[in-house]
Amino acid sequence: MNYDQIFDQAIDRLHEEGRYRVFIDIMRNKGAYPNARCFHGHNGPKPITVWCSNDYLAMGQHDKVIGAMEAALHDVGAGSGGTRNIGGNTHLHVELEAELADLHGKEGALLFTSGYVSNDATLSTLARLLPGCVIFSDELNHASMIAGIRNSGCEKRIFRHNDLAHLEELLAAEDPETPKVIAFESVYSMDGDVAPIHAICDLAEEYGALTYIDEVHAVGMYGEHGGGISERDRAAHRIDIIEGTLGKAFGVMGGYIAADKRVIDCIRSYAPGFIFTTSLSPVLVAGVLASVRHLKQSSVEREAQQANAALLKRELAAAGLPVMDSTTHIVPLMVGDPIRAKQISDILLAEYGVYVQPINFPTVPRGTERLRFTPGPMHTAPMIAELTDALVEIWDRLGLALRQAA
């Protein structure tokens with residue numbers, strides 16, 4: 001067996017399809033974000049502007065967050081020392097879980113090492129605990145939700161994206177006594193659209209289903225206190241389990257769920273992805289705790305981010321660039337070809353100092369490859385104008401069609 005040949009062929013296929021992933025070597029400049037330095041090349045670091053970070057509100061640069069992490073490192077040390085059950089349950093972990101439960105109006109919360117793990121561990125454990133469970137999953141759900149559903153071994157039904165009629169059709173076809181879970185996201189990160197939360201909850205109540213919402217691209221950024229779309233739409237009380245991340249708007253690392261104490265206790269007690277892994281470093285937890293508390297009280301970051309996202313959408317549309325419709329902070333620019341998307345990304349980085357990653361299959365369906373911009377509160381109007389001009393020049397250079405200017 002020629003193992004090397006098998007591995008080489010696997011990588012060659014990605015190159016041929018134009019979707020081999022290249023990790024750009026960068027260093028952010030503390031206090032100057034979204035400016036950074038790029039080490040991708042042979043001429044030393046060059047200044048760039050980051051346009052694709054999930055640190056949506058630049059909280060990873062915030063003085064309160066950095067100060068809290070420095071204090072924890074000084075007072076507690078670097079690592080947690082173990083799993084939550086064996087030495088790794090610091091008082092900071094307990095405080096953060098209480099803060100997150102309060103953020104969503106739930107009885108309890110549970111920390112995980114990432115948003116991926118929180119989805120995988122919770123969905124797989126939840127379905128195993130419910131005898132004969134069927135999970136109803138939106139077709140655009142994140143890979144971590146898909147993994148959790150698959151790892152549960154339960155039956156699943158995939159409903160068309162945000163299609164309430166299709167969801168109801170699938171729910172109605174099941175035995176009324178069958179345990180059911182509807183799993184969906186609030187903000188879908190590649191298209192930037194939003195789920196009809198109240199309508200989904202109406203169906204869940206009618207057909208006796210639990211609701212599980214992934215708010216990773218919304219927590220911190222929507223709602224009066226940053227509780228996400230479910231807070232903004234006054235729907236959090238109708239959701240059984242709210243899942244979020246600590247590595248996007250909150251600017252640090254980790255994931256969590258918030259729910260009633262009974263659900264939290266079951267996941268805490270049965271999920272291998274929680275039980276058998278070292279807990280988050282208290283340094284990270286301290287940073288998140290400061291971030292959550294700040295964003296509960298401050299709307300400045302949210303308002304600036306939304307204003308910049310709206311400005312970028314207007315500028316791209318006015319220039320005739322194929323910006324996709326989006327009601328959120330995510331600004332996708334349709335390209336439709338993986339090789340061309342990578343080419344545009346490379347030109348932006350090499351010639352304009354603009355860093356945005358191409359988004360290819362399997363993250364998005366084939367033929368819908370795109371560039372995904374995430375303007376934050378620290379981007380400026382001149383930066384947006386320069387980005388728009390660069391994209392127009394590249395579109396013209398590559399012979400790509402512009403829309404009639406909006």
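Trainee: How many cavities of 30 Å³ or more does a search of the whole structure find?
Mentor: The search finds two. Please keep in mind that this is a predicted model.

Trainee: How much space lies in the largest cavity, and which residues line it?
Mentor: The largest cavity holds about 80 Å³ of space. Its lining consists of R84, H93, L111, F112, T113, F274, T277, T278, S279 and L280. By class, that lining has four nonpolar, five polar and one charged residues.

Trainee: And what about the second largest cavity?
Mentor: About 40 Å³ of space lies there. Among the residues lining the second largest cavity are Y33, D55, Y56, M378 and H379. Its lining divides into five nonpolar, four polar and one charged.

Trainee: Changing topic, how do the axes of α4 and α9 cross?
Mentor: The axes of α4 (residues 115–129) and α9 (residues 261–270) come within 10 Å and cross at roughly 105°. An angle of 65 to 115 degrees counts as roughly perpendicular, and α4 and α9 are therefore roughly perpendicular to each other.

Trainee: Which residues meet there?
Mentor: From α4, T122, T125, L126 and L129 meet C266, I267 and Y270 of α9. This contact has five nonpolar, two polar and no charged residues.

Trainee: Now the strands: does β3 run parallel or antiparallel to β2, and to β14?
Mentor: Strands β2 (residues 35–38) and β3 (residues 46–50) run antiparallel and are joined by four bridges; R37 has P47 in β3 as its bridge partner. With β14 (residues 354–355), β3 runs parallel, through two bridges. There, V50 is partnered by Y355 in β14.

Notes:
Residues are numbered from 1 along each chain as its sequence is written. This is a predicted model: local features need pLDDT of at least 70, side-chain atom pairs count only at pLDDT 80 or more; totals for chains, interfaces and linings use all residues. Side-chain values use heavy atoms; hydrogens and water are left out. Axes are lines fitted to C-alpha atoms, for helices over the stretch in contact, and angles run from 0 to 180 degrees between N-to-C directions. Angles under 35 degrees count as roughly parallel, over 145 as roughly antiparallel, 65 to 115 as roughly perpendicular and the rest as oblique. Contact means heavy atoms within 4.5 Å. Ala, Val, Leu, Ile, Met, Phe, Trp, Tyr, Cys and Pro count as nonpolar, Asp, Glu, Lys and Arg as charged, and the others, Gly among them, as polar. Two strands pair if DSSP finds at least two bridges between them. On a 1 Å grid over the protein atoms alone, a cavity is a set of points where a 1.4 Å probe fits but cannot get out, and a pocket is an open set with protein on both sides within 12 Å along at least five of seven lines; lining residues have an atom within 4 Å of a point. Grid points are joined across faces, edges and corners, and a volume is the space filled by probe spheres set on the points.
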